[in-house]
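Here are my notes for your first read of this model. Keep the viewer open and go point by point.

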Amino acid sequence: MAALPLLSPYKMGKFDLPHRIVLAPLTRSRSYGNVPQPFAILYYSQRTTKGGFLIAEATGVSDTAQGLPHTPGIWTREQVEAWKPIVDAVHAEGGVFFCQLWHCGRTSKPEYQPHGEDPVSSTDKAAPPYVHDNGYVDEFSPPRRLRTDEIPGIVDDFRVAARNAIEAGFDGVEIHGAHGFLIEQFLKDSVNDRDDEYGGSLDRRCRFALEVVAAVADEIGADRVGMRLSPFADYGGCRDSDPQALALHLIRQLNQHGVLYCHMVEPEMTVVDGRLRIPHRLLPMRQAFKGTFIVAGGYDREEGNRVVAEGYTDLVAYGRLFLANPDLPKRFELDAQLNEYHRPTFYTHDPVVGYTDYPFLESSASSMR
């Protein structure tokens with residue numbers, strides 16, 4: 001397997017990974033009532049290789065964190081107990097499994113809140129409507145601006161969720177600071193319009209995120225903590241006037257906290273000579289970060305091998321390709337044809353279709369599992 005850069009071994013802190021291919025965190029909307037279901041055992045174990053690194057789908061830290069139907073949580077005893085057999089199944093296959101912790105903030109609606117109240121955010125400005133692939137338009141209600149004295153309670157929700165994740169058996173957690181959710185609503189100046197100690201300057205806009213990092217690292221150890229960031233993106237209307245300065249500031253602070261990894265999303269792909277190209281604008285952040293660096297965003301086999309070989313990244317996270325190809329490392333090893341993903345079933349609630357029914361290569365049934 002070592003003939004390909006993506007299939008070369010890598011040591012991530014105390015974890016010895018046999019390859020550089022990471023299962024990206026993917027919302028699947030199949031955790032009924034915000035409780036992980038038994039059929040997730042098969043889904044995650046299908047995508048596990050011995051020593052391979054998997055990041056679980058975004059998992060709510062509290063009953064105010066939800067913004068989509070049937071997404072899992074990890075704030076109740078029932079949820080923790082439901083995660084345990086899923087994590088056990090991944091470990092039985094030899095995998096390394098982290099839980100991604102999120103809070104949706106303003107990208108939510110009263111119907112997802114515990115008492116039908118407005119969702120909370122750094123601001124009282126509503127997120128822009130989101131147009132789904134099927135043409136359905138999601139409208140978001142104006143959020144309630146968090147009071148300064150409420151913010152420590154949200155930080156504590158992340159801390160308790162991290163503790164719960166370790167109790168459930170996860171090897172660590174990834175803090176979701178990307179994609180327009182609550183942490184990014186504080187980070188970016190297009191949304192954060194606060195005039196208290198959590199808004200205005202770059203230091204103040206980053207304060208909430210770094211308080212979450214500090215609380216989680218203190219609770220479970222920085223060597224079990226990663227963070228996902230998307231500084232160049234504009235998900236949910238979250239844009240920044242100087243994304244590189246924001247990213248480098250955060251990277252330097254993450255270094256001080258000694259977190260295990262930084263997982264960063266590439267800017268949107270651009271068209272060059274008639275082909276989609278990855279912009280590859282993350283090099284300054286890769287050079288500044290002292291831990292493991294993970295990239296995500298449109299990578300295929302060729303590009304993944306290239307950026308690992310060039311030292312642009314340590315690991316590459318794959319989402320849609322890994323969703324549709326549970327044996328993706330084997331297919332990359334053999335340069336085999338990939339299954340095509342079926343976008344209409346990404347967020348449906350069926351426990352099998354578009355979830356555990358993507359086929360394996362016939363030759364990989366036993367050799368990679």
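**Notes on helix packing, cores and loops**

1. Start with two helices. Helix α2 covers residues 77-92, and helix α3 covers residues 151-168. They pack at an angle of about 40°, and their axes are 8 Å apart. Angles under 35 degrees count as roughly parallel. The α2 and α3 pair is therefore classed as oblique. The crossing of these two helices, α2 and α3, is right-handed. Bear in mind that this is a predicted model.

2. Now look at the residues that form this contact. From α2 come Arg-77, Val-80, Trp-83, Lys-84 and Val-87. From α3 come Asn-164, Glu-167 and Ala-168. Sorted by class, the contact of α2 with α3 has four nonpolar, one polar and three charged residues.

3. Helix α3 also packs against helix α6, residues 207-220. The angle is about 35°, and the axes are 9 Å apart. Here too α3 passes α6 in a right-handed crossing.

4. Which residues of α3 and α6 meet? On the α3 side they are Ile-151, Ile-154, Val-155, Phe-158, Arg-159, Ala-162, Arg-163 and Ile-166. On the α6 side they are Phe-208, Glu-211, Val-212, Ala-215, Val-216, Glu-219 and Ile-220. By class, the contact of α3 with α6 holds eleven nonpolar, no polar and four charged residues.

5. Helix α6 has a further partner, helix α7, residues 243-257. The axes of α6 and α7 come within 11 Å and cross at roughly 20°. That angle is why α6 and α7 count as roughly parallel to each other. Their crossing is right-handed. Leu-210, Val-213 and Ala-214 of α6 meet Leu-250, Gln-253, Leu-254 and His-257 of α7. These residues divide into five nonpolar, two polar and no charged.

6. Next, the interior. In soluble globular proteins, nonpolar side chains tend to be buried together. In this model, the largest nonpolar core has 83 residues. Tyr-44, Phe-158, Phe-170, Phe-208 and Tyr-318 have the most contacts inside this core. Take Phe-208 as an example. Leaving out residues up to four places away in sequence, Phe-208 touches Ile-151, Ile-154, Val-155, Phe-158, Leu-182, Ile-183, Phe-186 and Tyr-198. Apart from this core lies another, of 16 residues, and Met-12, Phe-15, Leu-17 and Leu-260 are among them.

7. Is Lys-188 buried or exposed? The cut-off for buried is under 20% relative accessible area. Lys-188 has 0%, so Lys-188 is buried. Lys-188 sits in the loop between α4 (182-187) and α5 (202-205). Which residues does Lys-188 touch, not counting residues up to four places away in sequence? The list is Arg-205, Ser-230, Pro-231, Phe-232, Ala-233, Cys-238, Arg-239, Asp-240 and Leu-246. Pro-142 is 46 residues from Lys-188 in sequence, and the C-alpha to C-alpha separation is 18 Å.

8. Finally, check two histidines. His-70 has a phi near 60°, a positive value in a residue other than glycine. His-70 lies in the loop between β5 (59-60) and α2. Its relative accessibility is 27%, so His-70 counts as partly exposed. His-179 also has a phi near 60°, again a positive value in a residue other than glycine. Find His-179 in the loop between β11 (172-177) and α4.

Notes:
Residues numbered from 1 in each chain as written. Predicted model: local features only at pLDDT ≥ 70, side-chain atom pairs only at ≥ 80, totals over all residues. Heavy atoms only, no water. Core = buried A, V, L, I, M, F, W, Y, C linked by side-chain atoms within 4.5 Å. Buried < 20%, exposed > 50% of the residue type's maximum accessible area, 1.4 Å probe, protein only. Contact = heavy atoms within 4.5 Å. Axes fitted to C-alpha atoms, helices over the stretch in contact; angles between N-to-C directions. Helix = DSSP H or I, 4+ residues; strand = E, 2+ residues; numbered from the N terminus. Parallel < 35°, antiparallel > 145°, perpendicular 65-115°, else oblique. Left-handed = near helix turned anticlockwise from the far one by under 90°. Nonpolar A, V, L, I, M, F, W, Y, C, P; charged D, E, K, R; others polar.
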